[in-house]
Amino acid sequence: MLKYFEVKNYKGFKNGLSIDFSNHRDYTFHKDFIKNNIVNKGLIYGKNGSGKSNFGLALFDIVYHLTDKYKPDFNLSYQNGYAINKSVDFKYIFVFDNDEIEYSYSKANQLAILSEKLIINGNEVINYSFRNQDNTKLLIEEAKTLNLNNLTLRPEQSFIRYVYYNSKLPENSPLSKLMNFVDKMLWFRS
């Protein structure tokens, strides 16, 4: 379940945007909307042009990034106009059973990934930079047999995705839970 989301330098969000689904304060008017102390159902509304679609596109960037399901419209702008030549930074925190998974990545544009980081229960298990692949950190036990010596990923290929699809991870591993959740994310809009 998604607990926290943050994006910086994306589209109309000059100063960034974050939403903490565990901070539900007075959201107690309907208990079915809170599961495991996290808001699991919500509705975003506002005036036309206020950023609702851009928020959705930012939140669902992870779906394009880690799956084959969603393909963005490449004619739309990606970076904030005040952040040209700066990275677009995404941060997601998920909670599955007793595991907290923080996944963050930076992109130069819609396709070009700059770096990825995966933290599971406070421990950094993956850290990958396309600029400095020699300093790659991979501490997932089932993935330690991957040969990374001659690995050449294109800028649009996720290292996290590569590890997931090329390792024998158990179904209950935190990375498997993350990938399965992202694969099932849906966005309805009119």
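## Ground rules

Because the model is predicted, local features need pLDDT of at least 70 and side-chain atom pairs count only at pLDDT 80 or more, while totals for chains, interfaces and linings use all residues. Residues are numbered from 1 along each chain as its sequence is written, and side-chain values rest on heavy atoms, with hydrogens and water left out.

## The sheet

Let us begin with the strands. Seven of them form an open sheet in the order E2-E1-E5-E6-E7-E8-E9, with antiparallel pairing. At the edges stand E2 and strand E9 (137–138), each with a single partner strand, so one side of each has no neighbour in the sheet. Strands (E, at least two residues) and helices (H or I, at least four) are DSSP runs numbered from the N terminus, and two strands pair if DSSP finds at least two bridges between them.

Some of the pairings can be followed residue by residue. E1 and E5 are antiparallel over 6 bridges, with Tyr4 partnered by Ile93 in E5. E5 and E6 pair in the antiparallel sense over 9 bridges; here Val95 has Glu100 in E6 as its bridge partner. Strand E8 (residues 123–129) joins E9 over 2 antiparallel bridges, and Ile126 stands opposite Leu138 in E9.

## Helices across the strands

Helix H1 (residues 52–59) lies across E1, E2 and E5, running at about 110 degrees to E1. Helix H4 (residues 174–183) lies across E1, E5, strand E6 (99–107) and strand E7 (113–120), at about 110 degrees to E5. Axes are lines fitted to C-alpha atoms, for helices over the stretch in contact (heavy atoms within 4.5 Å), and angles run from 0 to 180 degrees between N-to-C directions.

In H1 the buried residues are Phe55, Gly56, Leu57, Ala58 and Leu59. Their cover includes strand E1 (2–8), strand E2 (17–20), helix H2 (61–66) and strand E5 (88–96). Buried means under 20% relative accessible area, exposed over 50% and partly exposed in between, with a 1.4 Å probe and protein chains only.

Most residues other than glycine have a negative phi. Asp97, in the loop between E5 and E6, takes a positive phi near 55 degrees in a hairpin with 2 residues between the strands. Asp97 counts as exposed because its relative accessibility is 64%.

Asn121 also has a positive phi, of about 50 degrees, and is found in the loop between E7 and E8. At 39% relative accessibility, Asn121 counts as partly exposed.

## Cavities and a pocket

The whole structure holds 2 cavities of 30 Å³ or more. On a 1 Å grid over the protein atoms alone, a cavity is a set of points where a 1.4 Å probe fits but cannot get out; a pocket is an open set with protein on both sides within 12 Å along at least five of seven lines, and lining residues have an atom within 4 Å of a point. Grid points are joined across faces, edges and corners, and a volume is the space filled by probe spheres set on the points.

The second largest cavity, of about 40 Å³, is lined by Tyr64, His65, Lys107, Gln110, Leu111, Ile113 and Glu156. The second largest pocket has a volume of about 190 Å³. Of its 11 lining residues, His65, Asp68, Glu156, Gln157 and Arg161 lie nearest its centre, and H2 and helix H3 (159–165) each supply at least two residues of the lining.
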